[in-house]
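Hi,

Here is the structure I said I would pass on.

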Amino acid sequence: MTDPKVVLDSEDMRRTLTRLAHEIVENGGDADRLALVGIHRRGAVLAARLRELLADLHDIDVPLGDLDISFYRDDVTTRTGAPVVHATHLDFDVDARTIVIVDDVLFTGRTVRAAIEALFDYGRPARVQLAVLADRGHRELPLRPDYVGKNLPTARGERVYVRVTELDGEDSVTITEPAAAAA
Amino acid sequence: MRHLLSIADLTRDDIERILDRAAAFEEVSDRDIKKVPALRGRTVLNLFYEASTRTRSSFELAAKRLSADVVNFAASGSSVEKGESLKDTVLTLTAHSPDAIVIRTPNAGAAALVAGWTTAAIINAGDGKREHPTQALLDVHTLRRKLGSLEGRNIWIVGDVAHSRVARSNVLAFRMMGAHVTVCGPPTLIPRGIEALGCEVRYDLDDLREADVVYALRMQHERMDQHFVPSLREYAAQYQINGRRLGPRQVLMHPGPVNRGVELSGEVVDSPQAVITMQVKSGVVVRMAVLYEVLAGGAPSLRQRPARPTARQLA
């Protein structure tokens, strides 16, 4: 078994998120109409961090929401086991806003599709953008992220793990080999 | 979880999981578009051999809010009146390949029987005097919202326990969630041996003040084939929950429909202690959670679904 390869440590993650915050301000349009929506669970944590960075670095206060997409998944019939369901919190009006969806890893794109569908049940955003900490490729849908922390070329069987202090006690992004992931 | 036939089949973990999910569905019910695509393409069959307004409509609404298709089948005005047996009806309707059948019958154990005749998930919506598990779950949900937890609470179930499937399911569910349960009513309406479910039995309301929750049951005239009480007026004099008997800090529940002036006086129905409308509201989200549990959330389905090639296989 090979040890997981660390691709971002906590210092890298801090720098990457800071850069993402700058990019969101640069390309997100009117700051008054901006809002961040994280996908449960690690996306929601990252969205909260980006919100803090926007406040610290740019003095912009943006609304923050989080989205649970369990009820919008396209694999309900094929997955096994009971999904853990969190409630969605969107306390602001999404109409006519630029919504930046935040997730940890972008892989097939199916989670993002579900998130977009969920979002539109709350209203009609003016624009939807996507920010991810890591893009590992292997898209199955025509989706492209607007803000990417790190591009990670991976093999399909490899696993990418994002750890965040709030949930896992440390900040890191690691890749595990297929054999190790199976072990 | 494959079927929901009885509260006895559940564990406390199951109940908590289902009700936590119901809380997530509450958020769905509060927004403008009260619908999620979780069960899109699934078919839910409502098979009701007994009159029902709130249970049937709340199952229908629950299924629709999860984007499932619903077929309603009521025994009156159907082939049942032409003499078709339960088994033949179920086999006929199974030809429509429903994914779940919600069934209410006047016969105890019918839901469990039906589970053996079809591959669909069966949800018991009341089988005779035996059980009504979704009512118990929505009552636990209502109490969790109202009181936080049922642990150590005193719950009195008052009235026509003998004819009540709600009483049976609720005693089991309340006990499982850690509450002390007392059933109370005239001796003719308390079934012998009910203590076996783990509850106390009283025949008068003298100690009602010790209850945190008073759960009144409906006098079920339609199930009474003989006289169990001298008169409804006499029953009301001794067992009616009214403003005099109900304390200001007690929670009042009733499964509906209420006979005003019989088991409850009009004033307590409209009092702030009553959570009866909250129970009805919980009905939809809890039934959404139950449908989600049997159709999407539980163990892998025994029935093989036609495999859709995944992108992974195509690649």
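Before the first residue, one cut-off: a residue is buried if 20 or more other C-beta atoms lie within 10 Å of its own, exposed if 12 or fewer, and partly exposed in between. Keep in mind too that this is a predicted model.

So where does B:Glu84 fall on that scale? It has 15 C-beta neighbours inside 10 Å, so B:Glu84 counts as partly exposed. You'll find B:Glu84 in the loop of chain B that runs between strand S2 (69-74) and helix H3 (86-94). Leaving out residues up to four places away in sequence, B:Glu84 touches B:Ser79 and B:Thr89. For a sense of distance, B:Glu84 sits 13 residues from B:Val71 in sequence, and their C-alpha atoms are 19 Å apart in space.

Next, helix H6 of chain B, which covers residues 165-176. From first C-alpha to last, this twelve-residue helix reaches 17 Å, close to the 16 Å expected at 1.5 Å a residue. Just past the end of H6(B), B:Gly178 has a positive phi of about 95 degrees.

Now the helix pairs. Two packed helices are described by the angle between their axes and the distance between the axes.

H5(B) and H6(B): the axes come within 8 Å and cross at roughly 50 degrees. That angle makes H5(B) oblique to H6(B). The crossing is right-handed. On the H5(B) side the contact is made by B:Pro133, B:Gln135, B:Ala136, B:Leu137, B:Asp139 and B:Val140, and on the H6(B) side by B:Val166, B:Ser169, B:Asn170, B:Leu172 and B:Ala173. Sorted by class, that contact holds seven nonpolar, three polar and one charged residues.

H1(B) and H5(B): here the axes come within 10 Å, with a crossing angle of roughly 65 degrees. The two helices are therefore roughly perpendicular to each other. H1(B) also passes H5(B) in a right-handed crossing. B:Ile15, B:Ile18, B:Leu19 and B:Ala22 of H1(B) make the contact with B:Leu137, B:Val140, B:His141 and B:Arg144 of H5(B). The class count for this pair is six nonpolar, one polar and one charged.

H1(A) and H2(A): over in chain A, helix H1 (residues 10-27) and helix H2 (residues 42-58) have axes that come within 9 Å and cross at roughly 70 degrees. This pair is therefore roughly perpendicular, and the crossing is right-handed. A:Leu17, A:Thr18, A:Leu20, A:Ala21, A:Ile24 and A:Val25 from H1(A) meet A:Arg49, A:Leu50, A:Leu53, A:Leu54, A:Leu57 and A:His58 from H2(A). By class, nine of the residues in this contact are nonpolar, two polar and one charged.

Cheers

Terms used. Residues are numbered from 1 along each chain as its sequence is written. Chains are lettered from A and ligands numbered from 1 in the order in which they are written. This is a predicted model: local features need pLDDT of at least 70, side-chain atom pairs count only at pLDDT 80 or more; totals for chains, interfaces and linings use all residues. Helices (H or I, at least four residues) and strands (E, at least two) are DSSP runs, numbered from the N terminus. The expected span of a helix is 1.5 Å times one less than its number of residues. Axes are lines fitted to C-alpha atoms, for helices over the stretch in contact, and angles run from 0 to 180 degrees between N-to-C directions. Angles under 35 degrees count as roughly parallel, over 145 as roughly antiparallel, 65 to 115 as roughly perpendicular and the rest as oblique. A crossing is left-handed if the near helix is turned anticlockwise from the far one by less than a right angle, and right-handed if clockwise. Two residues are in contact if their C-beta atoms, placed from the backbone, lie within 7 Å. Ala, Val, Leu, Ile, Met, Phe, Trp, Tyr, Cys and Pro count as nonpolar, Asp, Glu, Lys and Arg as charged, and the others, Gly among them, as polar.
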